[in-house]
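Please read the following briefing alongside the sequence and the coordinates.

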Amino acid sequence: MKELEFECETGNYHTFCPISCVSWLYQKIENSFFLVIGTKTCGYFLQNALGVMIFAEPRYAMAELEEGDISAQLNGYDELKKLCLEIKKDRNPSVMVWIGTCTTEIIKMDLEGMAPRLEAEINIPIVVARANGLDYAFTQGEDTVLAAMVQRCPSTSISSSNSSSNCISNDLVLFGSVPGPVATQLDLELKKQGISVKGWLPSQSYSELPDLGEGVYVCGVNPFLSRTAATLMRKRKCELINAPFPIGPDGTRAWIECICSALGIEAKGLKEREEKFWNNIEDYCKLIRGKSIFFMGDNLLEVSLARFLIACGMIVYEIGIPYLDRRFQFSELKLLEETCNKKGVPIPRIVEKPDNYNQIQRIRELQPDLTITGMAHANPLEARGMNTKWSVEFTFAQIHGFLGARNILELVTRPQRRNASLASSGASSGSEDNLVLNL
Amino acid sequence: MKLAYWMYAGPAHIGTLRVASSFKNVHAIMHAPLGDDYFNVMRSMLERERDFTPVTASIVDRHVLGRGSEEKVVQNIICKDKQEAPNLILLTPTCTSSILQEDLQNFADQAAMKVNSEVLFADVNHYRMNELQAMDRTLEQIIRFSLEKAKKNGTLAVKKTEKPSVNILGMFTLGFHHQHDCRELKRMLTDLGIDVNLVIPQGGDILSLKDLPKAWCNIVLYREAGIMAAKYLQKDFDMPFVTTTPMGIQNTKIFLNELETALDLNTISFQEYINRQTRFISQAAWFARSIDCQNLTGKKAVVFGDATHAASMVRILACEMGIRVSCAGTYCKHDADWFREQVIDFCDEILITDDHTQVSNMITRIEPAAIFGTQMERHIGKRLDIPCGVISAPVHIQNFPLGFRPFLGYEGTNQIADLVYNTFTLGMEDHLLEIFGGHDTKDRNLDSSIENSNSMWSNAASTELTKIPGFVRGKVKRNTEKYAKVNNIQEITVEVMFAAKEDAEHV
């Protein structure tokens, strides 16, 4: 049996700033307002990265710090109060989320201290999350917001009623922001096993946050939620179900099985269900079987996606990942190992905090059939004859559950399908020499 | 602190990075936290760039905060020098480094002693400059640095070229149609027998900067960036420069006249060239006289953008097409005085702001027939159902067309004429719409009601109705019926139709 090995590089890699989480969280949590307290740099990123959405009167804005704020000539509390009152007047949200940034960290603006005072004054709950680029990458932004929300969930009064086997299933809370239809799908999947989900974090609205407390089981749906998991365990005494993530038919099945076993339920009919969905995606699997793939790493979904694609028959050369919490991803890593051994493929190298420059050297050497990468590298790699898929699409597509598998493969096979249609036009990507000469 | 949803000009480091990545073989190292290298995405996506953007970050993280960045920055510079052997490494500060107040200049100096490439610290303060100002400054800094070095080494080219030649300053990556403008300008210069000595910085080489003084004069195409460098070259090397932007027929003429003076030529006559180009190459002058353009006379327009494009556009609309510019505005607050002076005689009012809600309010109030602005104004226009032609950054991928679309020079005037004409509703169509009282919009299905309500219509009126072009017929019919209903008229006659039309006109 081969085992996983981990490497760590320089951390010079490209990813989105974690404040980008506001773009999906404000849509997920109805009537919330996200205030990013930062500089023009943050604002420029948000408006460009999330370009189109900016025009639909988004429920997020920048509190742009000016020189006076930095040099503490202006009082942070008064300034924030002014802006929050303005937001209250215009939008009247049911919750305000302050996103702390690198700047508020460096000037040590005490957002956590100010929020409760201001909350009492203006009578709107204020949640503070430090989603900054000093500490976190991209999707980890959601992790910081959810971890902060954990503290706001109401407490359950623990009763002894849970001892009867019928009710135990009612104490399951799932965490991770997924689109409404995906949440419904996962709820239904668990219902088939006789488990009814008590609530989701985040909920559709702030007022519906689930009850938490001792005896409540929690399970994550995304691999980047390790802080949230830790907070749930430590601060709210919840029981964490460590499971692979419901990505791909294999992951979804394993996820359900882990939940069932934690709740003392015998899972039923999952083998057939998994098989059914493998059949369902066989047309796509045929295209990629035996093909190689390289994850440069920028959104922390990499291990789960790699595991699923190996199960599909692909060979993964490298799993780059910004940060790997080996405890939170324990079950996922185990499933990865098992999948590799079962498929008889080498175990990919897992590179934490990768160095993009080195990775590009490796990509040139290995010539993978597909590279999953950010947009900064996609066009240059394509110009050098490499197929790429833009990694951020995996964060926004509906990839969870049995039904999500097809969406993942739709993305993964797209470059190949595109190439097939371009092949005859002579516009297919040539060798590196070719294109460089043409430049 | 201020509440902001959107901004016209980016932060300072974007400007610096645009300068660095415009040059060949210059690598920028940003002193920034993870995620601040979004510039690479923009360049790769908007420009569809085939090469890796030569920008990396020396990441500021928790450890760096504790220890200071010195070791890491120096190490990153040495590493990049080995990996890519650039001619120049530009250490770029961000908002984060502005607060940390570490001595980045010192780090750059230290690293410079250990590497083959030149190392320069871009001297821009995040809180005092925007993208455009930083671009202007960084370009000047690099040029000054290179020339002073060349002077010291005795490699400076001091002799002027034999044939008249110019430097083109201020072509940048991610610039609004810069590539096309540059090609058009080169074509014009070739026609006039003038050589292009250097184009800086786009595609330029740091090592060739020592040849800048060989040119007879400098051309700065856009006010936003390049003037500082031109002024430096004038002061230290006695090089004249031209700053009129050759956008529109008149401005192109002024530009060429200034260029003729600056070059001090006796041999070639620019006047003949201007004359020929204006009359035969550019269609814009003829277009302005053509009968179609008459329909644009006195139409209201609003112009907003960077100082260069907005000011030039105001002149084109007002003086070359007879359009009434109700409001002219720019977000280049730092250049407000120049802008005011340029447009004051050609528009009703002037708006200097970088707050897009103010622009939106102004457009709502004025209700122009067309807007010429940035992508933001295009969206405002969409919301208000007013057409918009995009004439200035900020831009998105649509503004990086694959085809040849200059805004400058004589071909530029053609492109602009097309843009203006297509933005306004087409003349004849507009005319018909006016006659028959409005646009036949969305609710096409209502047209079927024409048959149903025919009982109200007299035969003559029905016949009259069929004479109206199909695309406005439904609208006219509905307006007339509405009028009849309001005025309690049982039968619609031809007279009623016209009364309805008259009524509509008085509203």
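Pro401(B) touches His177(B) and His180(B), where contact means heavy atoms within 4.5 Å and residues up to four places away in sequence are not counted. This is a predicted model, in which local features need pLDDT of at least 70 and side-chain atom pairs count only at pLDDT 80 or more, while totals for chains, interfaces and linings use all residues. Residues are numbered from 1 along each chain as its sequence is written, chains are lettered from A and ligands numbered from 1 in the order in which they are written, and side-chain values use heavy atoms, with hydrogens and water left out.

- Pro401(B) lies in the loop between strand S14 (388–390) and helix H18 (409–423) of chain B, where helices (H or I, at least four residues) and strands (E, at least two) are DSSP runs numbered from the N terminus.
- Although Pro401(B) and His180(B) are 221 residues apart along the chain, their C-alpha atoms are separated by 9.5 Å.
- Chain B is assigned domain 1 (12–152), domain 2 (165–280), domain 3 (285–427) and domain 4 (459–506), with bounds that come from an automatic or database domain assignment.
- Taken over C-alpha atoms, the centres of domain 1 and domain 4 of chain B are 68 Å apart.

**Extent of the interface**

- The contact between the chains takes 66 residues from chain A and 48 residues from chain B.
- About 5,100 Å² is buried between chain B and chain A, with carbon and sulfur atoms giving 63%; buried area is the accessible area (1.4 Å probe) that two parts lose on being put together, summed over both.
- Within chain B, the residues that lose the most area to chain A are Met1(B), Leu34(B) and Phe52(B), together 19% of what that side buries.

- The rule finds four salt bridges across the interface of chain B and chain A, a salt bridge being a side-chain nitrogen of Lys or Arg within 4 Å of a carboxyl oxygen of Asp or Glu.
- Asp51(B) forms a salt bridge with Arg384(A), and the closest N and O atoms are 2.1 Å apart.

**Strand pairing between the chains**

- Strand S3 (residues 60–64) of chain A is joined to S1(B) by three bridges, and the two strands run antiparallel; strands pair if DSSP finds at least two bridges between them.
- Within S1(B), Ala4(B) is the bridge partner of Met62(A).
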